[in-house]
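Trainee: I am new to this structure and would be grateful for a guided introduction. May we begin with its salt bridges?

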Amino acid sequence: MAQFDPKNDATQLNQTSPDSESSSTGSQPSLSNEGASRRKFLQMAAGGAVAGLVTAAGIEFMELVASSSALAQSTLTPEMALKELLEGNKRFAAGNLTSFEQDLAILRNHTSEKQQPFAAVLACADSRVPVELIFDQTIGHIFVTRNAGNISTSEIIASLEYGAAVLGTKVILVMGHGACGAVDATIQGKEVPGQISALYPHIQPAVDLAGPDLEATVKANAKIQAALLRQASPVISGLVKKEKLLVLAAFYNIGSGVVSLLK
């Protein structure tokens, strides 16, 4: 995957420019049209299309996004996007980061009005899980959603639908990690302050399957949450069926820095 060239602020990270895209797919929609499609998404999300139910609104939304040439902005295939993530992680684990070589000022300017991430990651909110660093990526490359326990709530599903259907991400990685406090708290089932226990019902299926072993439960939880994304969202499942999107589970070893896919 080509890296962003700081000497040329018109270069994109293996993504189609407006000129090149118009030459291969027809006329390029205006920014106002792109904005309109995003507003349409948000309106439909508010109406319940992203709530995880196969509804008429959800089907209509899929037809909308499938017909819009403003979507799928990355030129990568889902397999290529996954490979880029894993190769970036290899660089991170080896201490050979390349993302810091890119000019952040140019990247900020280049992405100030729009974003074209090639991948999305649902990760835990844990401070030891810096997603962009783990995959050796920088501004505008990864659409990141995070919460304690990397669980697929309706809000997370809505966000990832937006990333895949509107922004054109090619892969969604649900990434659990070692020594996860949210999973451990669910295994222990102890009384906790505030609303922390609201996480328990989301993680309990993994505890029932693999507990009380913490690492095994973390991995089971990542796989369950990835399956939920594929099954509960008509938007995501539709893209998966058309082979335009991969949804996978992974485990991050916070000691070694290595990310491994889960089957």
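This is a predicted model: local features need pLDDT of at least 70, side-chain atom pairs count only at pLDDT 80 or more; totals for chains, interfaces and linings use all residues.

Trainee: In which helix do Lys-83 and Glu-87 lie?

Mentor: The two residues are four places apart, about one turn of the helix. Lys-83 is exposed, at 51% relative accessibility, whereas Glu-87 is partly exposed, at 32%. Both belong to residues 78–94, that is, helix α4.

Trainee: Are Glu-84 and Arg-91 buried or exposed?

Mentor: The side chains of Glu-84 and Arg-91 meet in a salt bridge of 3.7 Å, N to O. As to accessibility, both residues are buried.

Trainee: Why are Lys-219 and Glu-215 separated by about one helical turn?

Mentor: Their side chains meet in a salt bridge of 3.1 Å, N to O. Lys-219 is partly exposed at 26% relative accessibility, and Glu-215 is partly exposed at 40%. The separation is about one helical turn because the two residues are four residues apart in helix α10.

Trainee: How are helices α8 and α10 oriented to each other?

Mentor: Their axes come within 10 Å and cross at roughly 110°. Angles of 65 to 115 degrees count as roughly perpendicular. The two helices, α8 and α10, are therefore roughly perpendicular.

Trainee: Is Asp-126 buried or exposed?

Mentor: Asp-126 lies in the loop between β1 and α6, and its side chain makes a polar contact of 2.7 Å with that of Arg-128. Its relative accessible area is 15%. Since buried means under 20%, Asp-126 is buried.

Conventions:
Residues are numbered from 1 along each chain as its sequence is written. Side-chain values use heavy atoms; hydrogens and water are left out. Buried means under 20% relative accessible area, exposed over 50%, partly exposed in between (1.4 Å probe, protein chains only). A polar contact is a pair of N or O atoms within 3.5 Å; within protein, one must be able to donate a hydrogen and the other to accept it, and residues adjacent in sequence count only if both atoms are side-chain atoms. Axes are lines fitted to C-alpha atoms, for helices over the stretch in contact, and angles run from 0 to 180 degrees between N-to-C directions. Angles under 35 degrees count as roughly parallel, over 145 as roughly antiparallel, 65 to 115 as roughly perpendicular and the rest as oblique. A salt bridge is a side-chain nitrogen of Lys or Arg within 4 Å of a carboxyl oxygen of Asp or Glu.
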